[in-house]
Amino acid sequence: MGASVRGDRGAEGGAGPEPVRVPGAAEPARWPGNGGPRAEDVLERAFSLRKAHSIKDMENTLQLVRNIIPPLSSTKHKGQDGRIGVVGGCQEYTGAPYFAAISALKVGADLSHVFCASAAAPVIKAYSPELIVHPVLDSPNAVHEVEKWLPRLHALVVGPGLGRDDALLRNVQGILEVSKARDIPVVIDADGLWLVAQQPALIHGYRKAVLTPNHVEFSRLYDAVLRGPMDSDDSHGSVLRLSQALGNVTVVQKGERDILSNGQQVLVCSQEGSSRRCGGQGDLLSGSLGVLVHWALLAGPQKTNGSSPLLVAAFGACSLTRQCNHQAFQKHGRSTTTSDMIAEVGAAFSKLFET
Ligand SMILES: NC(=O)C1=CN([C@@H]2O[C@H](COP(=O)(O)OP(=O)(O)OC[C@H]3O[C@@H](n4cnc5c(N)ncnc54)[C@H](OP(=O)(O)O)[C@@H]3O)[C@@H](O)[C@H]2O)[C@@H](O)CC1
Ligand SMILES: Nc1ncnc2c1ncn2[C@@H]1O[C@H](COP(=O)(O)OP(=O)(O)OP(=O)(O)O)[C@@H](O)[C@H]1O
Ligand SMILES: [Mg+2]
């Protein structure tokens, strides 16, 4: 079990992860030539410096996640701890948006909305009375119908169960554009990443975006953005480069170990999970991340000890998903499903973040 934070300074560690400072979009003149270090060199040095510190790094980073969690208080009103929107759900896929939206609630959001295609809405409503379901995504006014809710939402999770219908994707493009204009944080997953691979400009440089690709989605994005196949022997460098090429958008590459980067810093989450790979775990992750991104931005960099709030949020969501998987597997073994993992969110959250 363990998680590590890779950095090029302060191997003895302070309260938080040390950044890998590499010239990226913020310092284009130093990248890749004219005297600045190559990302590979920085990473290599960083890894050898910090190899022995993974357990401490995990604790340090989990502490930063704890710092961003808002206290429960009797003086708060409904909505203050998070109103999250999930954009996804079509005729074929109703489970994915449900998993994302219910996970947001279980992590601690107060209200969770789903904006889906009309055929998916009654099904999603029937799964849970706790979700607010809007059957608008295939309407000609879809962008307006979602936009009118944006002032009341703290973050959007775009893509779970969206499918790849052109008309739906055009509407989602419009929803992303109006969300950016309103500075709403967006987590982009699943078919939302398909859309971004077709049009990287849609998200380029948007500092409130987090992309959560699985292995296949990452390769597709890398190919589209960097115009060449990724180096499968250098996953850290690949995640770092993709983030930089997207203008320092935060990227979470899910897998046996989750690799996270904002183009300047690379974190690795290897919280113990299990070998059970049922579908829907990524949806739990993206829904949880929607809430944590909101909390992290609200808390600000002073609570994350100068580290990127979005990276800290992403580390929290990865750790939580993997811990849910671990706990569910202890009880259910091979029959573990994502619903079993969702039932573990409360206990997993307490174990990781309320110690
Ligand atoms: N209950 C529901 O409603 C759920 C709905 N979901 C929704 O489904 C939609 C499509 O999402 P997706 O993830 O299946 O994507 P997509 O690119 O079509 O993958 C296609 C193929 O890629 C492969 N493959 C996948 N992962 C891999 C890996 N790590 N490593 C290696 N290979 C891997 C694998 O290929 P195969 O093994 O069959 O050759 C797979 O068949 C999306 O809207 C999503 O939200 C899900 O959220 C689950 C729960
Ligand atoms: N080999 C693995 N070992 C341990 N954990 C893994 C492994 N692969 C993925 N995970 C974890 O499972 C979660 C979901 O990742 P995964 O790659 O399955 O996403 P996904 O394919 O998008 O899922 P979904 O079925 O929801 O679309 C992440 O928290 C990730 O850390
Ligand atoms: Mg997925």
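## Reading a predicted model, one feature at a time

Modeller: Welcome! This is a predicted model, and we can begin with a loop: N305 sits in the one between α10 (281-299) and α11 (309-332).

Colleague: What is the phi of N305 near, and how should I read it?

Modeller: Start with the general idea: most residues other than glycine have a negative phi. Now the case here: phi of N305 is near 55°, a positive value in a residue other than glycine.

Colleague: Thanks! Next, cysteines. How many disulfides are there?

Modeller: The idea is to check whether two cysteine sulfur atoms lie within 2.5 Å. Here the count comes to 0 disulfides. Take C116: the nearest cysteine sulfur belongs to C90 and is 9.4 Å away. C116 is buried, at 0% relative accessibility.

Colleague: Which residues is M341 in contact with?

Modeller: For contacts, we look for heavy atoms within 4.5 Å. Leaving aside neighbours within four places in sequence, the contacts of M341 include C324, along with Q281, L284 and T321. M341 belongs to helix α12 (residues 338-342) and is buried, at 0% relative accessible area.

Colleague: And how do I read a charged residue, such as R83? What is its nearest side chain of opposite charge?

Modeller: For a salt bridge, we ask whether a side-chain nitrogen of Lys or Arg comes within 4 Å of a carboxyl oxygen of Asp or Glu. R83, in strand β2 (residues 83-87), is buried yet has no salt bridge. The nearest side chain of opposite charge is D110, 6.8 Å away.

Colleague: Which backbone oxygen does the side chain of R83 reach?

Modeller: That of R152, at 2.5 Å. Among the contacts of R83 beyond four places in sequence are R152, L153 and H154.

Terms used: Residues are numbered from 1 along each chain as its sequence is written. Chains are lettered from A and ligands numbered from 1 in the order in which they are written. This is a predicted model: local features need pLDDT of at least 70, side-chain atom pairs count only at pLDDT 80 or more; totals for chains, interfaces and linings use all residues. Side-chain values use heavy atoms; hydrogens and water are left out. Helices (H or I, at least four residues) and strands (E, at least two) are DSSP runs, numbered from the N terminus. Buried means under 20% relative accessible area, exposed over 50%, partly exposed in between (1.4 Å probe, protein chains only). Lys and Arg count as positive and Asp and Glu as negative; His and the chain ends are not counted. A polar contact is a pair of N or O atoms within 3.5 Å; within protein, one must be able to donate a hydrogen and the other to accept it, and residues adjacent in sequence count only if both atoms are side-chain atoms.
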